[in-house]
Amino acid sequence: MHIEKGSVRPYRSPVGTWVWIVFGFTCLTGLIFAALCSAVYSGFLQVVDGFDEQQPETPNGVSHENWCRLFWGAAVSAAFAFVMIVAFHSLALFLLVCSCHSLGHPGRGFGRAFIMAASFWTSFHVLNVALQFASFEPLMSMFNDPPYDSDFNRPMLTACVATGIISSILYLILGLLMLFWKEHPDLMQACGN
């Protein structure tokens, strides 16, 4: 086989393409999850504010203030998830783009390890928030029944939980792809005409 001058290029691992694809999907699902968390929290507050203020106690003998605190805890976790998602994607994009070499290069092990660790950390926190919101589903179904008859949007809560779980899985996949993304600049491959 005859190879002409200039028809060879450094070998690029196909894992790098998958890293970018999964990175884009994690960004999309992460931001959708954060938006759904915000909408679900506002729905939680509407339900709590809809309780009759004349009654001294709300469902299950819990005061209005304690219901607000319960949902506030979920909102704080979701806010941390939003900050974490934005910080992760900002730093990861900086590391992926602002470099002379790709993160698959052998000399870029720290950047790869940083994104991998941050991806796993973000995955577990997003999963934690999604499961926390899932734990409210039986409670919110009780509030949609008499005597409370709230207008809480349960499909939105289900969509929030499902998006969070999908996002968590994508972050795990991104972390694993970072683990296996290695390029060898000394290997050359022939370019097709």
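Predicted model: local features only at pLDDT ≥ 70, side-chain atom pairs only at ≥ 80, totals over all residues.
Let me start with the whole chain. The protein has 193 residues, and 40% of them are buried. The secondary structure comes to five helices and two strands. Read from the N terminus, the order is β-α-α-α-α-α-β. Now the contacts. Take pairs of residues at least 6 apart in sequence. Of those contacts, 81% join residues at least 24 apart. Keep that figure in mind as we go along H5.

H5 covers residues 154-180. I will begin with its packing against H1, residues 15-49. How are the two helices arranged? Their axes are 8 Å apart, and the angle between them is about 155 degrees. Anything over 145 degrees counts as roughly antiparallel, so H1 is roughly antiparallel to H5. The crossing of H1 past H5 is left-handed. And what kinds of residues make that contact? There are 25 nonpolar ones and six polar ones, with no charged residues.

Next, two serines in H5. Serine 167 lies in this helix. Buried or exposed? Its relative accessible area is 0%, so serine 167 is buried. Which residues does serine 167 touch, once those up to four places away in sequence are set aside? The answer is Thr26, Thr29, Gly30 and Val126.

Serine 168 is next, also in H5. Its relative accessible area is 3%. The cut-off for buried is under 20%, so serine 168 is buried as well. Leave out neighbours within four places in sequence, and serine 168 is in contact with Ser123, Val126 and Leu127. Note Val126. Serine 167 touches it, and serine 168 is in contact with it.

Further along is leucine 172, again in H5. Leucine 172 is partly exposed, at 29% relative accessible area. Leucine 172 and tryptophan 121 are 51 residues apart along the chain, and their C-alpha atoms are separated by 9.0 Å.

Now the two ends of H5. Arginine 154 is at one of them, and here we meet a salt bridge. How many salt bridges does a search of the whole structure find? One. It joins the side chains of arginine 154 and glutamate 137, at 2.8 Å from N to O. Arginine 154 lies in H5 and glutamate 137 in H4, residues 137-143, so the pair ties together parts that are 17 residues apart in sequence. How accessible are the partners? Arginine 154 is partly exposed, at 31% relative accessibility. Glutamate 137 is partly exposed too, with a relative accessible area of 23%.

At the other end is phenylalanine 180, still in H5. Its relative accessibility is 58%, so phenylalanine 180 counts as exposed. Where does the chain come back to it? Phenylalanine 180 and valine 15 are 165 residues apart along the chain, yet their C-alpha atoms are separated by 7.5 Å. Valine 15 belongs to H1, which runs over residues 15-49. That takes us back to the H1 and H5 pair, roughly antiparallel as I said.

Serine 167 is buried, and so is serine 168. Leucine 172 is partly exposed. Phenylalanine 180 is exposed. Arginine 154 holds its salt bridge to glutamate 137. Thank you.

Definitions and conventions. Residues numbered from 1 in each chain as written. Heavy atoms only, no water. Helix = DSSP H or I, 4+ residues; strand = E, 2+ residues; numbered from the N terminus. Buried < 20%, exposed > 50% of the residue type's maximum accessible area, 1.4 Å probe, protein only. Contact = heavy atoms within 4.5 Å. Axes fitted to C-alpha atoms, helices over the stretch in contact; angles between N-to-C directions. Parallel < 35°, antiparallel > 145°, perpendicular 65-115°, else oblique. Left-handed = near helix turned anticlockwise from the far one by under 90°. Nonpolar A, V, L, I, M, F, W, Y, C, P; charged D, E, K, R; others polar. Salt bridge = Lys/Arg side-chain N within 4 Å of Asp/Glu carboxyl O.
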